[in-house]
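Here is a short report on one protein chain. Look over the sequence and the model before reading on.

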Amino acid sequence: MDPVQSEPPDDDAAWVRRVNGRWIVHHGLKDSSDAYLTRLESVDPDRFARSCERARLLVRKCPPGEDPKPWFYAGLFSLVTPSEASQFLADHWFTGQCIPGLASGLGADIRPEGIGLETEAKAQRIRDALGALDAPCQ
């Protein structure tokens with residue numbers, strides 16, 4: 001069963017943990033996310049809940065046919081502090097690049113060699129979607 005569709009709609013935290021646990025990701029992103037979630041849940045339960053909700057909302061904004069993983073992880077880490085980002089996103093350039101206001105603080109605005117315009121455009125789409133979550137309702 002697809003983990004994106006399988007969790008009850010009212011339990012964002014369980015959905016996030018299930019999705020993160022099942023997806024195949026590279027460079028330790030799953031472990032970094034688990035550690036971040038565990039820490040956040042213990043030190044800031046409100047931000048933990050909001051981060052889980054934002055991960056789920058961003059996956060829903062992912063265009064059909066596009067990999068939802070970058071959207072998920074950007075939503076999950078979207079409320080990260082600079083010190084948390086240094087700890088949990090140090091090895092995850094793309095995720096840091098997707099979070100508005102975070103890229104330059106991590107040095108993520110320096111594009112690794114071989115990253116193309118399509119990748120940059122995807123990061124911008126995700127930043128725009130995160131920005132829309134933060135925009136006041138009209």
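Is E84 buried or exposed? E84 is buried, with a relative accessible area of 3%. Buried means under 20% relative accessible area, exposed over 50%, and partly exposed in between, with a 1.4 Å probe and protein chains only.

## About the model

This is a predicted model: local features need pLDDT of at least 70, side-chain atom pairs count only at pLDDT 80 or more, and totals for chains, interfaces and linings use all residues. Residues are numbered from 1 along each chain as its sequence is written, and side-chain values use heavy atoms, with hydrogens and water left out.

## Salt bridges

The whole structure holds 9 salt bridges. A salt bridge here is a side-chain nitrogen of Lys or Arg within 4 Å of a carboxyl oxygen of Asp or Glu. One of them joins the side chains of E84 and R39, at 2.8 Å from N to O. This pair links distant parts of the chain: E84 sits in helix α5 (residues 82–88), R39 in helix α2, 45 residues apart. R39 is partly exposed, with a relative accessible area of 32%. Both residues belong to a network of salt bridges that also takes in D44 and R47.

R56 and D12 form another salt bridge (3.1 Å, N to O). R56 lies in helix α3 and D12 in helix α1, 44 residues apart. Both are buried. D46 pairs with R50, their closest N and O atoms 2.8 Å apart. These two are about one helical turn apart, because 4 residues separate them in helix α3. D46 is partly exposed at 47%, and R50 is partly exposed at 36%.

## Helix α4

Helices are DSSP runs (H or I, at least four residues), numbered from the N terminus. α4 is mostly covered, with 7 of its 8 residues buried. Among the buried ones are W71, F72 and Y73. Their cover includes α1 (12–22), α2 (29–43), α3 (45–61), α6 and α8 (117–134). Contact means heavy atoms within 4.5 Å.

## The largest pocket

The largest pocket has a volume of about 310 Å³. A pocket is an open set of points on a 1 Å grid over the protein atoms alone, where a 1.4 Å probe fits, with protein on both sides within 12 Å along at least five of seven lines. The volume is the space filled by probe spheres set on the points.

Its lining has 14 residues, with V25, H26, L29, P70 and T95 nearest the centre. Lining residues have an atom within 4 Å of a point. α4 (69–76) and α6 (93–98) each give two or more residues to this lining.
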